[in-house]
Amino acid sequence: MTVLRVVSAEEPFRSAFASIRTEFNVPASFPDDVLAEANAVAATSGASMPARRDARDIPFVTIDPAGSKDLDQAFHAESTTDGFRVYYAIADVGAFVSPGGALDRECMRRAVTLYFPDGRTPMLPEVLCEGAASLLPNEDRPAVLWTIDLDRTGVATHTHVERATVNNRRALSFDDVQNAVAGGTAEPALTLLREIGELRLQREAARGGISLDLPTQEVEPVDGGGYSLVYRPVIPVESWNAQISLLTGMEAAKLMVAAHQGLLRTLPPPDPGQIDRLRRIAKALGVSWPDGAEWGTVVRGLDRGKSGDAAFLLQAAHVLRGAGYTVLDETNSGDPATAPMHAGVAAPYAHVTAPMRRLGDRFANEFALSICAGIDIPEWAVAGLHAVADAMQAATHRSAQIDHAVIDAVECVLLQAHVGEERDGVVIDKNAHGAIVQIADPAVVAPMLGEATLGSSIRVRIASVDVVTRRVELVHAATASR
């Protein structure tokens, strides 16, 4: 997911985002029965669940953007004689959501948390996702505890998952951890986060996986009017932290594949046409693509601090299209080598680490817990899995459409002050109406009426911009001057 930050309180951003919410029927509030159930179950702190391990002695910390309150994951790590032990505690949403209840039905309806630059629409009421279910500091919380042993090269050797009670010692921001590690003041577990994260990045490259590490896009006002787009690269701790989540998802997938039951997040390999399109975008943005280099190699070699490279990285995300959810059974599981794959991870993979934001994670965790314990999977989880997969597929598609609409709206605002001006670009694609052009500055993709040669450099004029309909029209500068 791309993070986009804008001066959301200003017009025309406020109206544009409100219009998108209306267009996509984004709910403004929760129904009364859902709120009533959430408030009631929040008061129990998940006490209705069966006995769980007391893991409050493990000194967990959470690592999130500054100010976050919806804390899904808590981390700790230790060195062992053979390598490392990672403890990853995931908020146990199953302790609060009763199958078939009002909360469960609303989660099925929403399926994911939706993000806008000026706020979010959560899957769960805030009394849970920012309160009783969140792994807030100095509070005892029910969690799904993953314990993963790794060897000295970062390869997982043993995994166990169980329900537990945990206590988060501190809520840290990414900057907190990065500064502590860089300054040599980090506690041992955070130093291990770097070591394990870097080892896992090496393993990822070796198996052909790719982490995009999408930058944050920040829209800033410019003196004299208008706005500029600034890219803030991901800092290393965010990549290390992401590798722990990926590790957990891969281990969950192993459990479910071996048991022929569960829910995987899948992604097909990139389409050759998309790779060709990405090459043209690299040309437009001045990104080096050596002859014979794979696209993943190009991505790994990018300078995230350069605006052209950062813009290319955002376009590279479009190569990974067709993501979905696959329900496992006897016909498509058993052997990890032939199980449904996630091309970005380059391995079977499951979503389990964000159950307060994604419906499917709660179900996948229930499968993993039961498989690891050698007990029957709850009937409600088995019976509802296909419906969950369908709901997740529809919700993630809708979320992507919203992200696209938001970016289109912001790009329109960026270009509005430049109507009539000319820019250099490259023709990266074509459709029935004309060409699709990547402009280098600002880094915007927009349609151009008329014929143009695919891959050609071109001078365009920004003919019109309509923020309400989110449409930009380019014309060939030579044509416009006649």
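Q: What should I know about the ground rules here?
A: It's a predicted model, so local features need pLDDT of at least 70 and side-chain atom pairs count only at pLDDT 80 or more, while totals for chains, interfaces and linings use all residues. Residues are numbered from 1 along each chain as its sequence is written, and side-chain values use heavy atoms, with hydrogens and water left out.

Q: How many salt bridges does a search of the whole structure find?
A: Side chains of opposite charge can pair when their charged atoms come close. The cut-off here is a side-chain nitrogen of Lys or Arg within 4 Å of a carboxyl oxygen of Asp or Glu. On that basis the search turns up 27 salt bridges. Among the residues involved, R52, D92, R163 and E366 are linked in a network.

Q: Which parts of the chain does the pair D72 and R357 link?
A: Those two side chains meet at 2.8 Å, N to O. The pair links distant parts of the chain, 285 residues apart: D72 sits in the loop between β3 (60-64) and β4 (73-79), and R357 in the loop between β13 (324-328) and α11 (359-373). Helices (H or I, at least four residues) and strands (E, at least two) are DSSP runs, numbered from the N terminus.

Q: Is D72 buried or exposed?
A: Buried means under 20% relative accessible area, exposed over 50%, and partly exposed in between (1.4 Å probe, protein chains only). D72 counts as buried because its relative accessibility is 0%, whereas R357, at 24%, is partly exposed.

Q: Where do E106 and R109 lie?
A: Both are in helix α3 (residues 102-110), 3 residues apart, or about one turn of the helix. E106 is buried at 6%, but R109 is exposed at 52%.

Q: Why is strand β5 described as largely enclosed by the rest of the structure?
A: Because 8 of the 9 residues of β5 (residues 83-91) are buried.

Q: Which strand does β5 pair with over 7 bridges?
A: Two strands pair if DSSP finds at least two bridges between them. The partner is β4, in the antiparallel sense, and a hairpin joins β4 to β5 through 3 residues. A77 stands opposite V86 in β5. Strand β8 (residues 140-151) also runs antiparallel to β5, joined by 9 bridges, with V144 in β8 as the bridge partner of I90.
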